[in-house]
Each structure stands twice: as C-alpha cells, then as structure tokens.
Amino acid sequence: MNMSLFLSVENLVFIMATTKRVVVKVIWNMKKRVLVLVAFDVDAMCACKVLQSLFQCDQILYTIVPVVGKEDLERAYLENSEGVKHVIMINCGANFDIVETLQPLENVKFYICDSHRPVDIHNVYNAVQVKLLMKETELSVPEYDLLFRDEESEDESGNDSDSSDRPVPKKKRFDDEAIERRRERRLWEENRNKVLFDYNQFSSFGSSAALLLFELAWKMSKDSNDLLWLAIIGVTDQLLHYKTPREKYIEDVMALQSHVSRHNHRDDVDIISINCLKIMYDDEMNLSLYRHWSLFDSICHSINMACKFKVWTLKGQKRLHEFLAEMGLPLTQCKQKYSSMDSSLKGNIKNIIKEQMPKYGLEDEDVIVPSFFAQYGFRNKLCAMDITLACASILESFENGNTGTDSFLLALDVLDRSNVNAKEKGIEMARKQLQAIIKQVQIFLDMHQVISAGPFLYAFIQEGTPDVKFFAHPQCLMRLARFTLEAHCSVSRNKRSKTLPLVLGAPLDREQGTLLVIGIPPLSLDEERKNFFGKAFEQAASSTNARTLHDKFDTFIMEMKTDDRSKFFDALISLLQ
Amino acid sequence: MLAEKALDLIRELERSVGGSLPPYNEDRVRQVLEEMRVLCEQNQKDVSATVAGESGLFSGVQVRHAALERNKRCLLAYLYNRIEQIKKMRWEFGSVLPTEVKYNLCEQEVQWFGRYNKLLANYMRSIGGCGGLDLTQDMKPPKTLYVEVRCLVDHGEFETQDGNVIVLKKNSQHFLLRSECEHLIRQGILEHIVH
Amino acid sequence: MSSLEELEDESGDEVETMTAAEVLSKLEEAWLNEKFAEDLLEAKTDLVECMMEQISEMEDNIHRAKKGDFKVSIHRLEIDRIRYVLSSYLRSRLTKIEKFATHLLEEEKLRKDDEPSKLSPEEFTFAKDYDKLLESHLRNLALRHMPAHIQTLDPKQTAVRPNLDKYVFLRVNEDTEGVLVEEETLDTGEEIVDMKKGDQHIMRYRPVAPLVASGAVSLI
C-alpha cells in the first residue's frame, strides 16, 4: 500500500506514514468528548463500531448519533454540539460544504470519513476546521488556484464594484487596466465553472469507511479479528449496494486477505479456543442467502443468475431446471433447505456449477465472488454477504412502528457476533426483501413498465403495490433499481438499453404525496460506476421549480412531490438529451 | 367469612410482587377496621352477657378474638410489606419518587418516604467521619471505568462531572463514566451494552 | 493492589501498622462475612474509616497527577472497586439493621457494658430512628383505629429475628478443635468437629457464629 492513510489538507501536504497519527493524536490527546455522526448504511455502522472499539481502548468519551440525511445531520449537530470540539462524520458530510451547512463555532473541528465522492472543494481546502480521513490516491481535486483567488485580488475586485459609485473621471483613468482585469477575471471564472462542473459532474464512491478505520486501527496496533470482520462487512456492503466497481472490490479483498492471513495463520488450531472468531477467505457463490434458503429459491432471487436465466419467464424456468438437471442436482434436493441438502451434493455444488457454466452463457463473475467467512463457537459459518444483507434489511425494516433510529440499533445488534437472534431475524427480513424485489421486477417486465425516455429508462412503482413499503428506503430501492435494469437489459431487444441509465421512482408517503426517486448509471459503464444523476436531478429541479428534497447523502436519490413528476421529467429529458 | 377482607389485601400485594406497587387500598383497610370494630363490640356484648350469667357464648368469643388477631396481623403485614417496597424504590429511583408511583401511595406513606429519606441521608453523611459515603451509588461491582450505553428514552440534558452537557436523546449511544450514569441505568433511561 | 501500596508510601503517615493492602483485605473479609452471615456482625468502624481516608487520599493524588497519565485510569478503577466493597459492606449491614431493628435494639439494651456493641454509634442512631419511624407508621395507619385492647405491638410477636439455623459455607482460617456442631438430643448423640486450617464446610450458622466473630473461620 503506497498511500498514506491520513490526509491533512493543509496546503495539500499529505502526512506521510511516519506522522500519520497526527490527526488521530489531536483527538486522542484531548480526552474530550467526541461527537460521532453516522449515516444509515452498513459500511458506516461497521466503521462506527471499529471507531468505538478504538475509543474504548483509550477511554475517549463519545456520543454517537445516527443521521438519515442532511436535515437530520444539522439537527443532530445543533442538539449535541455543546462543549464538543471534535466531530467525526462517518459516510456523511464529504459532498457538501460542511462549515457552510452547520455554521459551527471556529474551534470545532470536523473529521470526515466518508466514501462519497466527489468531496466538496470547500471541505478539501478548509484546512483549519475540516480534516478528511481518506486515501490520497482517491482524491483528485482541482488545484487551489483554479478554484479560489487569493484575498488581495478579491479585495480589489470588491473595490472595483464599489468604485462604480465614484465620480466618473477616476474610473476612466483605470479603464484599460480595469477592463483587462475584468476580462481576466471573467475568463478565470469561466474556467473555474468548467473545472468545478467536471469535478462535480459525477458522483461515485471511494474506499469503505470501515476499511479505512480498520487500517487506522492496524497502524495503531489495535486491530483484531473482530475489527477485521467489520471491515470485511463494510467492503461487502459496497459491493452489494453497487457503490464500487467489482475491480475495486477485488482490490480491497486482496488487501483484506493479507490481514486475514496475518490474523488467522493457524498451525496451532488446537490451542485457540473455539470461542475465538476465525475468518477464512474463499470463493463464494454469488447466490443470495443460499445457506439460509433453498438453492433453487436462492438462484431465482440472485440478480446475476436470475437475469441470465430470465427466471421470471416460463422458458427461463425450464432452462434453469435443465441446468440443474445437467449438473446432476435433483430438484427435490434443490428445493429443500440448503442446510438439509445431501452433503455429498452440497460440497460439490460450486465446482459443478463452474463446470456447467459456459454452456449456459454464465461467466465466472456471475457465479463466483471472492469473499470471507467467519466461524465462531460451534455455530454455522457466517458468510460476509449474508450478514451484510441481513444487516441492511434490518436497517431499513419498518416493523411495528420502529423509527429509523430504532432500526439502526437493531441493525447494530446484527453485527454483534454473539447475538444470534438478531441475525436470524435479519436473514428472515432480507429474504422478504429479496422476494419483494423479484416480485416487483416481474411486475415491471410483465406490464412493460420500464420505458425508454430517450436518454434514459424509467419506471415507477404504482401506488398500492403490495410490497411498496420495502422500496421507500434507499438501499433496498438501489437493489431493486439494479435488478430492474439488469433484468430489462436481458430481455430487451434494443441493444442500446445497455448504454442507458435508469431512473426509478417509488411512492414514499401517500398522505404527503411524495416519491423516492433514484437514478443509476448504465450497465455499460459498470467498470466505473460513476453516477451523474446527482447534479442532473438538482438542475432539473431548479429549472422547473419542482418541489424536491435533496436530503440524502447519496445525491442520486431524492424525494419529490408526485404532482411535480411530469414537469420534472420533461426537464430531465431535455437536460440529458 | 371472617377476616376475608384482610386476606384480600395480602393477596393484592402478593399478586404485584416484582411489579409496581398497587394503589393503597384505603377502602379495604377501612372495611377491615370496621369489621374489627363490629367483632369487638359483639365480643364485649357477649362477655358482659356471660358476666350477667348467660352461658354457651365462650367459643363464639374465642373465634371472634382469633379473627381480630388475624385481621390485625394481616393489616400490619400489608403495611409492613408496602413499606419494604417503598424502601426498595428509594434505592432504585433516588430521593424523588416518580409521580406515577407517588399516586399509588397514601398520604402517610409519602410522609414516611420523606422521613426515611432524611434518616438515610443523615446516616450516609455520618459514615467514616468526613463527608460520608453515598451508599446508593456503586450498586454493581465495577468492571470498567467507562461504559457503553444506549439511551432508551428522551431524557434531555445531563451534566457530567467535568461540566460538559450531554443531550440524552432516544437511541443515541454514549461512552460515559460508569459512576456517573449508574443511576440512569438503574432508572431505565440508559441501557448498558455488554458485548 | 500495588497501586494502593504505592500511594500509601507517598503519604507515609499511617497511624496503624497495617498497610493499606492489609486493611483492604480485612475489609474484604468482613464484607464477605457480613454478606453471608444471617445476623449482624460487629461493626468494623476502624476499617471503614481507614479505607475512607485512603480513598480521599488517592483521589487527591489523582488530582495532582499529570493529565493523560495512563496510571490515572487504573487508580480510578481501583478507587471504584474499593468504594464498591465499602458501600456493599455498609449496605448489607444497613439492610440487616432495618430488618432486625427491634431485635437489635433489644439486644443493645441487654448488652453489658464490657461487651462490644454490634452497632456503630451512627448505626445505632439509625436503628433507633428507623424503629420509631416504622412503629409510628403502623400505629398511625392501623393500630390507632383498632379496638383499644389490641392496639399494642408486642415485640415478642412482631419483631423480625435472624434465622441462625441457616446453613452457611465456610472456610477455616485457624485450626479449631472441638466445635460442638449438634447438641445432644434424645435420638442422636452430640456431634463435635475438629476444624483444620483450609478446610471448607457447610453447616448451621449458630454453632460457628462465635468463630466468625473471632475470625477463626470465614464465610464464603
């Protein structure tokens, strides 16, 4: 790893590995209470748990408040800011001007550990109050001079405008010079706008916050298998919610694997208590929750396999049966619980699938993901992907009147390795979510509700659809959008559909008549996973005065009034044409 | 049946064991006392009749007397055990009773609580010469200096020893000095998270 | 414990010859005995006062210590632990005093001058006031309204007394011979046990009560 972990933003000098603790030390030595604001995603929760364990090692007092969106963030900051000098933000706060938004006292410092990109330039260049906890390689910010002019020239320009009130002759004397200066300034501003536009155009994601904080723990020699497991879940979350491209995921997995082998080299297996957490690396089948389901159901609910076979069609079902038959897996076995499947079959499934794959046009990537398992006590192996899904679904569950923060804590319990009940509940919930998603995808396809608007595809979930409440949450909506897009592309005869992004809307609140809208990039750009909808949404909204709310930390998700839908979309179409 | 009502009082307490204190049953207590008065009057009548020469009343007097004793015993047990409960609450909630508990006490019990408070405070102040020792603190053996807690209700502001003010809002998590938040944990405002 | 000794060295003006560590271990023993004994044991006022002094001394030391010194947190935890033992000890005494108030006051009345009191002066005040408080409460709410001839509260009937026949676990600290465990009855002969240091027994509390008081055995 050649990047230093901590980036002091002062004059863009990166603190190198030897002095990397500087930022941390500031917090560590203050022995003052730290306010931690955590976004609602699995990665942030894992990062938060890593941070908690670091704080507890050094007995640093903290307060943790989960925040849903920007408004929530402002409120939480106002409520808890008294006496707080250090605020750490996890997976929130990077992509908008934090000082401008929160109007903090001058002695308050913000440490932002956020995977959202791009980082707002004001956060990058506010060396005094804002520190970014990010890898330098992931940050390609335009140079300072291109964005800001030093005070002097600004003063002058200020005088310039003032002087318009003064007697005319005086102005004339400087005319040429002033015109020249104004021209220069105009050019600079044009350039600045262009640079800024290029910089802000696409939103994307950097390294997982959990991974970063784990690496921090490692450099402080305070890493452990438990923290490593959290980092793994954080990274897995980025994969499952399509935040980072697969290549980046593999890269992270490689880094994690070296940690795993460092922590789990076991010649002395017998010595270690069964109650210790053990982590193993292995290729995992990319089938959702199959360990807690039947193989058949799992295949039908996994995006890649389901879309390759088009399981929602009769023909697809046939092909899937054929596939299973050819692999020598009896249907009765496939349709019963995986855990009670014939063990001679079970051990071999991965290899058989790999063998038969090419015949059915499946690629390695569709079926196999490098992943990790944890084992502890005499219980089943835990798979990182299952836990991540379980945690995410609990985070967005809405059972018996839970408020958002209730689910946050419940989801934290899922990550607590000793809490088996919470885990089982989570997996149950995740299964329900997946079922709702596939059902919705089927509705979209059967009713031909995925429509091409020219520059993009769009679809809306009808009000009154049974599982509509699942999709009023960003992460689940994200997975639905992705599933819909892949499924649509797999059936569409139009070759162009692979190059089209998708906008998906789900009813959010019937009484208020609001929609939750998400935009995801086209499949053809999957290597980059850059999303331009954040800016596009903003512009379309401001040009039409549509009543929208861009409150989420993910800019490509927003809320809007259902009534304004058509005028907003007209604007979006003309904008993207 | 004789002394039935007094037994009801005991049953009422028994049913609420481990839960909250039931309201002070003033009516029932008055009924028991009334029953005792009637029993006593009848006894006196019978006794004076016996003295006057009538016979065969003695066993009746004995039964009534036993019932009187039983009533007395039940009544005292009722009061005594309520006091025990109230004492327990002093140790749990501190010197100010929650209003919903207060509603369930009778006037005298509230007064008793106040006096007990004073008594306890005086004693605790006198321990070990200087300054005294708050015995209602340190109820559990300390494992760590700081504890991880979750806030279960909106409690509002809480001032720590070093003068910082923390807002205890539902579902926020904190890392606090154990000695500071022990009573909040006991009151159910915070939940101690143990991994 | 080392921290305690260290602190004590700094202060250096202990009146007694015991080190702080010894005081603490004595207190811990008293605490366990008190916890498991059915009746109230003799008050260890000296130990309590000594430990209280220690605590405030340690607290002062901590205030003087450099900020961010990592020893501070260890000392703090040590203080917390001592305070817990102290509070728990006094709490279990207080519970017993409240429970047996009438009984204890009776005993106190019968006590000869040369016998030590079980109650410390503060505890005695507390017991007296508590007993009065309880009685007046019962009188106000119930007794007062009862027929005249049963208004009395006879301590013989109502006072709560410790059950000395409860069985306890104990460990022997000093060799003791000829402990009479069971009095001679019509059916069985008397039972006498020789106790060796380090032995552990389960037996009724009554016969070993004097040994607990003298420190020959500890309850566990």
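1. The UniProt annotation "domain: DNA replication complex GINS protein SLD5 C-terminal", from an unreviewed entry, covers residues 162–220 of chain C; UniProt positions are given here in the numbering of this model, feature names are shortened, and annotations may be inferred rather than shown by experiment. Over residues 162–220 of chain C the chain is 17% helix and 44% strand, with the end C-alpha atoms 19 Å apart. Helices (H or I, at least four residues) and strands (E, at least two) are DSSP runs, numbered from the N terminus.

2. Some conventions should be kept in mind. This is a predicted model, in which local features need pLDDT of at least 70 and side-chain atom pairs count only at pLDDT 80 or more, while totals for chains, interfaces and linings use all residues. Residues are numbered from 1 along each chain as its sequence is written, and chains are lettered from A and ligands numbered from 1 in the order in which they are written.

3. As a whole, chain C has eight helices and five strands, and along the sequence these follow the pattern α-α-α-α-α-α-α-β-β-β-β-α-β. The radius of gyration of chain C is 22 Å, well over the 17 Å that the globule rule gives for 220 residues, so chain C is more spread out than a compact globule; the radius is taken over C-alpha atoms, and the rule is 2.2 Å times the number of residues to the power 0.38. The C-alpha trace of chain C spans about 70 × 50 × 30 Å along its principal axes. Of the 220 residues in chain C, 27% are buried, where buried denotes 20 or more other C-beta atoms within 10 Å of the residue's own, exposed 12 or fewer, and partly exposed anything in between, with C-beta atoms placed from the backbone.

4. The domain assignment of chain C gives domain 1 (2–97), domain 2 (103–158) and domain 3 (167–219), the bounds coming from an automatic or database domain assignment. Eight residues from domain 1 of chain C and six residues from domain 3 of chain C make the contact between them, two residues being in contact if their C-beta atoms, placed from the backbone, lie within 7 Å. The side of domain 1 of chain C that touches domain 3 of chain C has four nonpolar, one polar and three charged residues; here Ala, Val, Leu, Ile, Met, Phe, Trp, Tyr, Cys and Pro count as nonpolar, Asp, Glu, Lys and Arg as charged, and the others, Gly among them, as polar.

5. Chain B touches chain C through 28 residues of chain B and 30 residues of chain C. At least two residues of the chain B side come from each of α2 (26–51), α3 (58–93) and α5 (107–126) of chain B, and α5(B) gives the most, with seven residues. By class, this side of chain B divides into 18 nonpolar, six polar and four charged residues.

6. Chain B also meets chain A, with 17 residues of chain B in contact with 18 residues of chain A. On the chain B side, β1 (146–151), β3 (165–168) and β4 (173–177) of chain B each supply at least two residues, the largest share, four residues, coming from β4(B). That side of chain B divides into seven nonpolar, six polar and four charged residues. For residues 143–194 of chain B, UniProt lists "domain: DNA replication complex GINS protein PSF1 C-terminal" in an unreviewed entry.

7. What is the sense of the pairing between strand β2 (residues 62–67) of chain A and β4(B)? The two strands pair in the antiparallel sense over three bridges, a pair requiring at least two DSSP bridges between the strands, and the bridge partner of A:Ile64 in β4(B) is B:Gln173. Within chain A, strand β1 (residues 34–39) and β2(A) pair in the parallel sense over six bridges, with A:Leu37 opposite A:Val65. Six of the six residues of β2(A) are buried, with A:Tyr62, A:Ile64 and A:Pro66 on one side and A:Thr63, A:Val65 and A:Val67 on the other.

8. A:Lys498 lies in the loop between α23 (474–491) and β13 (502–509) of chain A. A:Lys498 is partly exposed because 17 other C-beta atoms lie within 10 Å. Leaving aside neighbours within four places in sequence, A:Lys498 is in contact with A:Cys489, A:Pro522, A:Leu523 and A:Ser524.
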